[in-house]
Structures are given as C-alpha cells and as structure tokens.
Amino acid sequence: MFRYFPTNYVWNLSVDLAIEMGARIGEIEAMCAPLQEAARQPDAEGTAAFRATWADMADKLCSLAAEDEMRGRLLSAGAKYKRAASYLLTCERLQAHGAPGRMALYQRFLEIFQRGLALSGDDCERVEIPYEGKVISGLYVPARNVQGPAPVLVQLNGLDSTKEMKYLVGLPAWLAERGVASLVIDQPGTGEALRLHSMTARYDAEHWASRVVDWLEQRADVDAARIACEGVSLGGYYCPRVVAMEPRFCAGVVWGANHDWRDVQKRRLEKEGDFPVPHYWKHVCWVWGAKDVDDFMRIAEDVHLDGVVEKIRVPFLVTHGEKDSQIPLKWAQRTYDQLVNSPKRELKIFTEREGGVQHASFDNSINAGHYIADWVAETLGARTRH
C-alpha cells in the first residue's frame with residue numbers, strides 16, 4: 001500500500017484509489033505535498049484542505065484540456081478531462097454529507113467525466129434503467145470482437161464507490177477484450193442514485209437487481225442466459241445476495257468478501273478496523289436512510305449472508321486481500337464455506353506475490369482484476385487469448 005500520509009489511512013486509501021483510476025505521480029505529489037499538516041487535523045478541517053488542492057489540479061487539467069480542444073487535439077483533451085474527473089471524485093467522496101458545495105462538485109464531476117469519454121472515443125454508453133419512478137444510472141461497455149449476443153457482467157459499487165470509479169480502474173476494459181460486456185451501475189445507496197435521486201440502500205438488493213436484469217434482457221446485444229454479477233467491498237454483500245435471490249444470474253464474483261457487515265459495524269463502534277471515509281457514521285446513516293446511529297445499527301442487523309449463500313446454485317468466485325484492514329479475512333472463508341450448492345466455487349486470496357493484498361485490492365488492482373476477468377471469461381464461455 002502506498003502511504004503518502006503516515007497517520008491517515010482514509011487519505012491513503014483515497015490516493016491509492018486515484019492512482020488505480022489513472023492519476024499521475026507528479027500530480028499526486030503536487031496535490032498532496034501541501035497536505036501533510038492537514039492530514040493530522042480533524043475531519044472537517046482536513047477534508048476541506050484536501051478538496052482545495054485536488055479541485056485546483058482538476059481545474060488546471062480542464063484548462064489544459066480546453067487548450068487541446070482549441071487545437072483539435074481531442075484525444076489529449078479527453079485524457080485530461082477523465083483524469084480531472086477522477087480528482088474531483090476523489091475529493092468529493094471525502095466530504096461530509098451536506099457539506100457546502102458538495103453537490104455542485106459532484107455535478108461538475110459528472111459533466112467532466114462524460115466530456116472525457118466523448119473526446120477520448122471510449123466505447124462506453126451512459127444508460128438509465130427505470131426503477132421506482134426514478135432511474136438507476138449505469139455505464140454499458142460492449143464486448144469486443146463478438147458475433148451475436150455477448151455475455152455481460154453487472155458490476156456493483158461498495159459503500160462509497162461509484163460507477164465511474166469502477167470504470168476507470170479498468171475491469172470493464174479487461175472484460176471487453178475477453179469478449180464480455182459490462183454494465184456498471186450506481187445502485188441505491190451509491191453514486192447518482194443516492195446523490196441525485198435520494199435512493200438509499202436496502203438489504204434486499206434483489207429488489208433493484210431484478211429490474212436491472214429485466215432491462216438487460218431487452219438488449220439485442222446481450223445473451224440473457226449469460227448475465228453474471230460482481231460486487232466490490234460492500235458489493236461483496238450485495239452480489240451474493242442478488243445471485244442467491246435472482247435465479248437469472250448465471251454466476252457471481254466478489255472483489256473483497258463482506259459476509260457479515262452487521263458484525264463489522266459492531267466492531268467499528270468499538271474502534272476496531274479502518275474506516276473507508278471520513279465522517280463515517282454520518283455517511284452510513286445517509287447511505288441507509290437512518291435517522292441516527294442507533295437506527296442504522298438496527299438496519300445493519302439484516303446486512304449479512306448467513307442463510308443466503310447456501311441458496312446460490314451457480315459458479316461463484318470469492319476473492320479477498322490477505323492484509324485487508326477493513327474486512328477480516330475470516331469473512332471470505334465464511335462465504336466460501338457456505339457456497340455448498342455452487343457447482344463451481346473458488347476462494348482466491350491475493351498475497352504479496354501478486355499484489356492486491358489490501359481491501360478490494362485498492363493497493364494494486366491490475367493482477368487481481370485480470371484474475372477476476374479471466375475467471376469470468378472462462379465461466380461465461382468467452383476468451384482469455386486473442
């Protein structure tokens with residue numbers, strides 16, 4: 001794990017995620033060098049300083065991208081806009097719920113990200129799936145070099161990630177070259193669903209996941225018999241849940257197991273384990289629609305997989321980082337042990353040898369991501385070679 005700030009796990013997590021999304025080390029240095037003292041301050045003061053330097057870098061990149069556009073250098077402009085968007089997302093996710101200017105920052109991030117996609121020529125379509133009178137937004141990335149309908153992997157966020165973060169880290173691109181399409185969504189409790197539509201998380205995730213499958217079945221370029229699901233971090237709870245409860249999913253993968261999230265919350269109340277974001281308790285109350293921590297803890301009692309995983313009757317891959325400091329390794333073993341009815345179950349622990357030992361491999365995602373992409377391709381009848 002790259003530790004720019006020796007005393008601040010949450011900021012190091014953010015920096016590492018930015019690197020996985022394509023940040024440049026020189027820009028990381030320019031943004032973080034002024035923040036050493038701020039990293040030791042309380043959340044409110046520290047995150048304001050973090051936002052200032054990262055948003056300033058995004059502004060500079062947008063200015064440079066505009067100059068590229070004026071000269072007709074659209075590919076260069078697109079790359080800068082996407083990197084600027086990743087920096088805006090990085091500082092936005094650290095802000096407290098309701099922090100002044102947070103919504104405007106998020107809206108600007110969305111606009112710049114879409115501008116970056118368009119100018120870069122990325123084969124990535126923004127989609128909207130009807131749900132409860134609102135929409136679940138997503139990014140659809142088609143499979144490459146496939147004749148006829150292709151298999152697809154639905155990809156779910158964790159507690160505080162977004163569809164754009166998952167897209168930029170690279171799994172959709174790695175799958176596309178293997179002949180597998182991707183639908184990366186902001187499910188309720190994350191991204192646009194939470195910020196723009198006030199759709200909070202729910203433990204019975206199959207309620208929204210079934211609508212996603214309904215939508216995919218209507219696409220001519222999707223093989224409805226080969227719709228699989230992946231979840232990262234808290235998605236390590238959502239994914240097994242939806243695969244168990246929605247029989248149209250043909251396989252599942254968790255990138256970081258999360259078998260008993262209720263227990264993790266109890267441990268966090270006792271100050272065990274690392275938090276993924278500042279203002280943690282306010283954040284989880286926002287995500288789950290709880291009025292206070294006591295209400296949240298009541299809701300969290302349902303967020304576990306005991307009695308659920310046994311219902312999975314399709315291939316399933318459980319992955320976990322050997323040194324995950326957020327979710328104990330024992331929960332990956334528990335998920336695997338309960339997959340007694342899966343015809344093809346596998347537990348893969350990422351070690352120092354291949355990297356990706358931290359939570360959801362945020363410290364080094366590429367080897368872990370390729371492992372997952374290969375397993376998905378093999379399981380869905382796609383390819384692992386040209």
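## Elements around the largest cavity

Three helices, α1 (9-20), α6 (163-169) and α11 (261-269), each contribute at least two residues to the lining of the largest cavity. The structure is a predicted model, and a search of the whole of it finds two cavities of 30 Å³ or more.

## The largest cavity

The largest cavity holds about 400 Å³ of space. Its lining is made up of 27 residues, and those closest to the centre of this cavity are L17, S161, V232, S233 and A360.

Sorted by class, the lining of the largest cavity comprises 14 nonpolar, eight polar and five charged residues.

## The second largest cavity

The space within the second largest cavity comes to about 40 Å³. The residues that line this cavity are R93, Q95, A96 and H97, together with V277, P278, H279, K282 and H283.

In the lining of the second largest cavity, three residues are nonpolar, four are polar and two are charged.

## The largest pocket

Turning to the pockets, the largest pocket contains about 180 Å³ of space. A set of 14 residues lines this pocket, and N8, W11, A39, Q41 and D43 lie nearest its centre.

Two helices, α1 and α3 (43-70), each provide at least two residues of the lining of the largest pocket. The largest share, three residues, belongs to α3. Helix α1 also supplies at least two residues to the lining of the largest cavity. By class, the lining of the largest pocket consists of seven nonpolar, five polar and two charged residues.

## The second largest pocket

For the second largest pocket, the volume is about 160 Å³. This pocket is lined by M21, G22, A79, K82, R83, S86, D122, Y167 and L168. Two or more residues of this lining come from each of α4 (74-92) and α6. Helix α4 gives the most, with four residues.

The lining of the second largest pocket divides into four nonpolar, two polar and three charged residues. Helix α6, which takes part in this lining, also supplies at least two residues to the lining of the largest cavity.

Methods:
Residues numbered from 1 in each chain as written. Predicted model: local features only at pLDDT ≥ 70, side-chain atom pairs only at ≥ 80, totals over all residues. Heavy atoms only, no water. 1 Å grid on protein atoms, 1.4 Å probe; cavity = no way out; pocket = protein on both sides within 12 Å on 5 of 7 lines; lining within 4 Å. Points joined across faces, edges and corners; volume = space filled by probe spheres on them. Nonpolar A, V, L, I, M, F, W, Y, C, P; charged D, E, K, R; others polar.
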